Amino acid sequence: MTRPTRAVIDLEALRANLQRAQSAAPGRRIAAVVKADAYGHGLVPVAHALEASVDRFAVACLEEACRLHEAGITRPSLLLEGGFEAAELIEAAALDAAVVVHSEDQLAALECARPSRPIEVWIKIDTGMHRLGWPADEVRAVWQRLRACPQVGGIVLMTHLASADRPDTARNAVQLDRFRSATQGLETERSMANSAAVLACPEAHGDWIRPGIMLYGASPLADRPASGLGLSPVMDLRSRIIAVRRCRAGDRVGYGGDWVCPEAMPVGVVAIGYGDGYPRHLPTGTPVLVGGRSLPLIGRVSMDMITVDLRARPETQTGDEVVLWGEGLPVDEIAARAGTIAYELLCQITPRVPRVYR
Ligand SMILES: *Cc1c(COP(=O)(O)O)cnc(C)c1O
């Protein structure tokens, strides 16, 4: 028997979540965000499943764009941080990838480049996040310089919202106002919306949306469960019970003996651990579905195993199915228990976990 740990990826749910983005922002072009191995779901299978319905695939680097190309994906990429060195522009052009330009170095490299065909350029404007992008008062000069370059094809104006997951904060409107005034009169397409803004900020929809996390069925909005937003989980992280131990009152379970059995009780051992990307600092009490029933994690998470309190399901046997997150147990809930966000949990599933596609 092979180790039963796996991430089951539901490509129908993925496509349904894309439709949810389309119905929230009808008629907009879509740069589906598949960086970081499609948030841990597997870059190539995810891209194949979405290809017919999207306009570009947004990735973090040329290597990701190359993997798509080599897998036969014909829909072009968008490099969200542009090139990291000048030489990448030639290859980006060969792949028909669009590049973000956020710095003087990148702009100068573009001006000198002689690519095989014109490159689409996305001007990234810093409207308040203070991570990447041009200050608002430099945008017109950048626009003029790009317009003067025969090697530049289309130009798209973009920005990124720092607090789109909190639609009630005024900071979103401040950023959108800055974007509007920085780009006023520039006749071209615009892109402002990540998943959160797709669902909760129609003013940000523009011409191109950039949905990421919502495609994978996790909630992009703080304090709003994904199910209430019409999103379905795409990844089920699954394993099985590999032993049922009959412990006595006072027995200590796991590293450090953190959990002390308060009475005689059955303890289930599950083949999943931080070596698979299940967070080590998840506390006792974190829910785990065993045969569909929610039971508490007890003791410390090990590299390859966890232990579960089986008192509420004493009939549990070796081989019973376990769900760590997915259908019936939102990844957002587990992320909250771990003090992080679903993005991180999904991305950090390790290569040892086979992805199985449905
Ligand atoms: C990652 C990323 C996105 C997608 O964000 P989600 O919150 O996952 O929807 C959109 N735009 C940019 C620039 C990004 O880097």
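**View 1. Tyr39 and Tyr216, two buried tyrosines.** Both Tyr39 and Tyr216 are buried, where buried means under 20% relative accessible area, exposed means over 50%, and partly exposed lies in between (1.4 Å probe, protein chains only). Keep in mind that this is a predicted model, so local features need pLDDT of at least 70, side-chain atom pairs count only at pLDDT 80 or more, and totals for chains, interfaces and linings use all residues. Residues are numbered from 1 along each chain as its sequence is written, and side-chain values use heavy atoms, with hydrogens and water left out. A search of the whole structure turns up three aromatic pairs. Rings of Phe, Tyr and Trp (its six-membered ring) pair if their centres lie within 6.5 Å; planes under 30 degrees apart count as stacked, over 60 as edge-to-face and the rest as tilted. The rings of Tyr39 and Tyr216 have centres 4.7 Å apart and planes at 25°, so this pair is stacked. Tyr39 sits in helix α2 (residues 35-39) and Tyr216 in the loop between β10 (208-209) and β11 (235-247), so the pair ties together parts that are 177 residues apart in sequence. Helices (H or I, at least four residues) and strands (E, at least two) are DSSP runs, numbered from the N terminus. Ring pairs also bring in Tyr343, linking Tyr39, Tyr216 and Tyr343 into a cluster.

View 2. Trp122 belongs to strand β6 (residues 119-126) and Trp208 to strand β10, so to speak a link between distant parts of the chain, 86 residues apart. Trp122 has 0% relative accessibility and counts as buried; Trp208, at 1%, counts as buried too.

**View 3. The largest pocket.** About 960 Å³ of space lies in this pocket. On a 1 Å grid over the protein atoms alone, a cavity is a set of points where a 1.4 Å probe fits but cannot get out, and a pocket is an open set with protein on both sides within 12 Å along at least five of seven lines; lining residues have an atom within 4 Å of a point. Grid points are joined across faces, edges and corners, and a volume is the space filled by probe spheres set on the points. The lining has 41 residues, and Tyr39, Asn194, Ile213, Ile341 and Tyr343 lie nearest the centre. Helices α2, α9 (195-200), α10 (331-337) and α11 (342-347) are the elements that each give two or more residues to the lining. By class, the lining has 23 nonpolar, seven polar and 11 charged residues. Ala, Val, Leu, Ile, Met, Phe, Trp, Tyr, Cys and Pro count as nonpolar, Asp, Glu, Lys and Arg as charged, and the others, Gly among them, as polar.

**View 4. The second largest pocket.** This one holds about 230 Å³ of space. It is lined by 19 residues, with Gly217, Ala226, Pro233, Gly326 and Pro330 closest to its centre. The lining divides into 13 nonpolar, five polar and one charged.

**View 5. Val234, in the loop between β10 and β11.** With 2% relative accessibility, Val234 counts as buried. Leaving out residues up to four places away in sequence, Val234 touches Val8, Ile9, Asp10, Ala13, Leu14, Asn17, His41, Leu215, Tyr216 and Gly217, where contact means heavy atoms within 4.5 Å. Val234 and Glu327 are 93 residues apart in sequence, yet their C-alpha atoms are 8.4 Å apart in space.

**View 6. Trp325 and the largest nonpolar core.** This core has 118 residues, and Tyr278, Ile306 and Trp325 have the most contacts inside it. A nonpolar core is a set of buried Ala, Val, Leu, Ile, Met, Phe, Trp, Tyr and Cys residues joined through side-chain atoms within 4.5 Å. Beyond its neighbours within four places in sequence, Trp325 is in contact with residues including Met235, Leu237, Tyr278, Val331 and Ile349. Another core, of seven residues, lies apart from the largest one and has Cys247, Met265, Val267 and Ile298 among its members.

**View 7. The largest cavity.** Its volume is about 50 Å³. Residues in the lining include Lys124, Asp126, Met129, Arg131, His160 and Gln175. Strand β6 gives the largest share, three residues.
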